Amino acid sequence: MVTQGSGSTNANESIKSGLKSGGEQSKLVEKKGEMTVGEKKEKAEFFNDSEWAKIRGKFNVDPDFLNGFSFKNLSEGGGKGGSRMTRTNGGKFLIKEMSAGDHQALLERTKDFVAIMLQDDTLIVTFFAHFKIKNSVFVAMANALPSGIKWTYLFDLKGCRDDKAMAMEGKKVPAVHKRCFSCLQCWYCCDMESCSCCSCYSEERATYYKGKTVAFECPFSFTSKQVAHLQKLIKNDTERLNKLEVMDYSLILAYRDEELQSVKNGEISEETKELLRTSKFVCVLGNKVRIYFMGIIDFLQDWNIKKDIARCIKACAPHPLSTVPPPLYAEQFNRLGERMKGDAEDFKILEDKKESDVLGSIEVKLKEEAEKQPAVDAEKGEPAILEGGTAVGGAIPIVDNDEPQQAAADEAKNKGSGGGASNKDNKESKEKGEESEGQRQSKDAVDKLGAEDTPMDNVPIGSTPRASELPVE
């Protein structure tokens with residue numbers, strides 16, 4: 001197991017010597033690969049690429065997916081580690097520079113992580129390639145969060161006091177790490193709202209600390225079905241990561257709220273329509289439609305001597321700590337599922353089977369109480385359809401289980417049986433064993449409205465892979 005800290009010179013030298021020698025480390029590495037990287041299409045040294053090719057195959061990743069970026073655009077992500085990263089393919093993938101410790105940890109666990117990432121029941125971000133170029137090592141991964149989105153809230157969650165908010169109420173929250181260690185002043189206590197003993201305590205730090213408090217305490221609203229599904233995913237992943245003896249991973253979780261009435265009327269941006277099409281966790285909370293994206297990131301940290309020392313230094317810090325051994329870390333992380341509440345309503349879509357696209361044309365369907373929302377009258381306008389994310393029609397229909405179908409069938413039946421002549425025809429048809437016109441209309445109406453509505457949970461993400469690292473800006 002690795003004992004050096006991330007980014008240390010000794011760890012880097014250890015990796016280099018291991019790759020050059022015929023020792024145990026060299027057995028972990030298969031340095032092959034025909035792909036090129038960067039806009040200049042440079043040759044790179046790929047690690048265990050026959051394994052990562054299995055994931056690229058599952059998600060139908062194009063062989064030239066690494067050619068859509070420039071190394072000149074690498075910049076620090078904003079986290080404590082300071083790793084450089086950049087986006088490619090319109091933000092679909094991230095290219096992240098790896099520390100020596102992360103690189104070695106991935107080499108040791110390549111087959112284990114590939115096996116996990118090939119599963120469907122995981123929130124762990126998906127890696128697609130692990131390569132070295134110009135003495136720097138990188139990993140290519142899917143992006144957990146769509147790029148360029150203004151999130152209502154964005155959190156980095158560990159299930160401990162290191163939880164933080166990176167966006168609140170649509171505004172970014174810059175990280176301001178307090179570094180005042182004067183023995184004459186409070187250390188952790190000066191983060192209390194009523195305390196102003198520290199002269200270096202800024203308004204920005206106060207906002208950042210408030211975000212940390214919100215991130216650690218706030219509940220998250222889902223449907224009851226989504227809660228059960230997410231709790232299972234988190235439990236499975238923490239068990240897997242604990243077996244691999246890693247810690248310090250995070251659940252990156254973002255959501256965007258949209259006005260329910262605006263969604264019903266189709267009065268939403270193209271950006272929001274795309275979010276609705278690609279998110280696996282959408283629900284209705286009061287007068288809002290909430291759209292979630294999430295994924296588990298930063299899962300390559302070993303428990304080492306540096307982490308053990310850091311745990312001792314933070315003994316007086318507010319608990320629970322993030323600097324704890326893998327079994328305790330997994331236990332704390334798993335409690336995130338307890339903060340997910342099933343107090344939201346379903347948000348459903350219906351696939352148009354006529355479309356050849358993966359998602360096809362979709363009709364947004366919101367579940368509400370029948371007495372609050374009657375069935376849509378066809379004479380008042382056609383229902384809105386989102387074709388590839390574009391609204392083409394009137395208001396989005398509200399469908400409540402089977403009641404609209406029954407209402408439509410009754411209306412067709414009455415229409416078919418109205419008038420003396422029609423009744424006579426029906427009687428004659430009945431004597432001959434034939435279907436009457438009214439019966440045919442009723443049957444057609446039921447067939448037309450009897451389409452199966454599919455829960456959002458079961459709708460495939462399409463070409464977008466499950467999850468990935470987030471560049472913190």
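**Entry 1: Arg290**

I started at Arg290, which sits in strand β16, residues 288-297. The model I am reading is predicted, so I take every value below as computed from it. Is Arg290 buried or exposed? I found a relative accessible area of 11%, and because the cut-off for buried is under 20%, Arg290 goes down as buried.

Next I asked which side chain Arg290 makes a polar contact with. The partner is the side chain of Asp257, at 2.8 Å. I also listed what Arg290 touches beyond four places in sequence: Ser221, Tyr255, Arg256, Asp257, Phe281, Val282, Cys283 and Leu285.

**Entry 2: Tyr255**

I located Tyr255 in strand β14, which spans residues 250-259.

How far apart are Tyr255 and Thr152 in sequence and in space? They are 103 residues apart along the chain, yet 6.0 Å apart from C-alpha to C-alpha. Leaving out neighbours within four places, I noted contacts of Tyr255 with Trp151, Thr152, Tyr153, Phe155, Arg290, Ile291 and Tyr292.

**Entry 3: Leu251 and the core**

I then looked at the largest nonpolar core, which has 98 residues. Which of them touch the most other members? My list reads Leu66, Phe113, Phe127, Phe131, Phe155, Leu251 and Phe299. Nonpolar side chains tend to be buried together in soluble globular proteins.

Beyond four places in sequence, Leu251 touches Leu123, Phe155, Asp156, Leu157, Met294, Gly295, Ile296, Phe333, Leu336 and Met340. Phe155 turns up here and among the contacts of Tyr255.

**Entry 4: Helix α9**

Phe333 in that list took me to helix α9, residues 326-334. Its buried residues are Pro326, Tyr329, Ala330, Gln332 and Phe333. Looking down the axis of α9, I see them fall within an arc of 165°, so they line one face of the helix. What do these buried residues pack against? I wrote down β9, α5 (224-243), β13 (246-247), β14 and β16.

**Entry 5: Helix α4**

Helix α4 runs over residues 203-217, and I checked its length. With 15 residues at 1.5 Å each, it should span 21 Å, and its end C-alpha atoms are 21 Å apart, so the two agree.

Which residues of α4 are buried? They are Arg205, Tyr208, Gly211, Lys212 and Ala215. These cover an arc of only 120° around the axis, which puts them on the same side of α4. The face turned away from that side carries the exposed residues Glu203, Lys210 and Glu217. For the cover over the buried residues of α4, I noted β9 (153-157) and β10 (164-168) among the elements involved.

**Entry 6: Arg109**

I checked another arginine, Arg109, in helix α3 (residues 100-117). At 4% relative accessibility, Arg109 counts as buried. A polar atom of its side chain lies 3.2 Å from the backbone oxygen of Ala105.

Most residues other than glycine have a negative phi, and most peptide bonds are trans. I went looking for exceptions.

- Asn60 has a positive phi of about 55°. I placed Asn60 in the loop between α2 (49-58) and β4 (75-76), and at 69% relative accessibility it counts as exposed.
- Asn89 has a positive phi too, near 55°. This residue lies in the loop between β5 (84-88) and β6 (93-97) and is partly exposed, with a relative accessible area of 39%.
- The peptide bond from His319 to Pro320 is cis, with omega near 0°. Pro320 belongs to the loop between α8 (305-313) and α9.

**Entry 7: The whole chain**

Last, I stepped back for the totals. I recorded 12 helices and 24 strands. Of the 473 residues, 48% are buried. Among contacts with a separation of 6 or more, 71% join residues 24 or more positions apart. The chain exposes about 24000 Å², with carbon and sulfur atoms supplying 48% of that area.

Methods:
Residues numbered from 1 in each chain as written. Predicted model: local features only at pLDDT ≥ 70, side-chain atom pairs only at ≥ 80, totals over all residues. Heavy atoms only, no water. Helix = DSSP H or I, 4+ residues; strand = E, 2+ residues; numbered from the N terminus. Expected span 1.5 Å × (residues − 1). Buried < 20%, exposed > 50% of the residue type's maximum accessible area, 1.4 Å probe, protein only. Arc of directions from axis to C-beta. Contact = heavy atoms within 4.5 Å. Polar contact = N/O pair within 3.5 Å; in protein donor to acceptor, adjacent residues only side chain to side chain. Core = buried A, V, L, I, M, F, W, Y, C linked by side-chain atoms within 4.5 Å. Areas by Shrake-Rupley, 256 points an atom, 1.4 Å probe, with all protein chains shown as cover.
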